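Welcome! Here is a short walk through a few places in this structure, with the model shown first.

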Amino acid sequence: MDQAKSNIEQFVMSLGIKPKNINYFIEAFTHRSFINERRKEKQGLNHNERLEFLGDAVLELISSEYLYEKYPNRPEGELTSFRAATVKTESLAQTARSLEYGQHLLMSHGEEATGGREKDYLLANTYEAVLGALYLDQGYEACKEFVHKTLIPKVETIVEKRLDIDAKTKFQELAQEIFKLTPNYDLVSESGPDHDKTFEMAVKVGDRVFGKGKGSTKQKAEENAAQKALEEIAENKEKA
């Protein structure tokens, strides 16, 4: 554990954070499975879920404050949508992945064996937990600086390209505009054990399939199918 503590301390400092109490950050990088696997020998060590709860609230305030000040003429509904796109699981996971959080997570052998270091929800939760740790260690302004450095740069692209509007909504609007029809989604296949299913969905307009997508839930598979459909239409426009 001493080596893990040292590694996390070095990593946190590489992020530009000089921790006053490294224990906050060790907790932030500790997944519940690590505690469960080593229950007897790790008494007194906590997992990161409480810090995640705190970091989530801090992140919402920082992102809301930024959007409110940056876009004074945008209505509340759009600001809410921009914020949701910025702090959604996939966005936070992408940022956490770029910061190499997964390499430093403390987790059970079983969780690691099932790809835990690359799971979006674990990475997103860790981003929030680290923010919670930073808040306790150094306060709001330090958190604000960190979020502005690591996450806020995404906002401009989200707003300009309206990435806050999900692919299913975009494709539905496009299908109704071009074909005057509403898309339908059909299950193509499902595979894997109950705890780790993979679904494949197809999106159709009339009888024509425009895209297929896979995901761990039907909703994610539908979203990926819609994205494929949008890409196909964009590609056909370029060729025309």
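In which loop is Arg162 found? Arg162 lies in the loop between α10 (155-160) and α11 (167-178); helices here are DSSP runs (H or I, at least four residues), numbered from the N terminus. This is a predicted model, in which local features need pLDDT of at least 70, side-chain atom pairs count only at pLDDT 80 or more, and totals for chains, interfaces and linings use all residues. Residues are numbered from 1 along each chain as its sequence is written, and side-chain values use heavy atoms, leaving out hydrogens and water.

| Residue | Phi |
|---|---|
| Glu100 | near 65° |
| Arg162 | near 50° |

Arg162 has 25% relative accessibility and so counts as partly exposed (buried is under 20% relative accessible area, exposed over 50%, partly exposed in between, with a 1.4 Å probe and protein chains only). Glu100 sits in the loop between α6 and α7 and is partly exposed, at 40%.

That loop, between α6 (89-98) and α7 (109-113), also holds Ser108. At 8% relative accessibility, Ser108 counts as buried. Beyond its neighbours within four places in sequence, Ser108 is in contact (heavy atoms within 4.5 Å) with Ser33, Phe34, Glu37 and Arg38.

Now to α11. At its start, a side-chain oxygen of Asp166 comes to within 3.1 Å of the backbone nitrogen of Lys168. Ala167, Phe171, Leu174 and Ala175 are buried in α11. Down the axis of α11, its buried residues fall within an arc of 100° (taken from the directions from the helix axis to the C-beta atoms), so they line one face of the helix. After α11 comes Lys180, with a positive phi near 60°.

Notes. Helix = DSSP H or I, 4+ residues; strand = E, 2+ residues; numbered from the N terminus. Polar contact = N/O pair within 3.5 Å; in protein donor to acceptor, adjacent residues only side chain to side chain.
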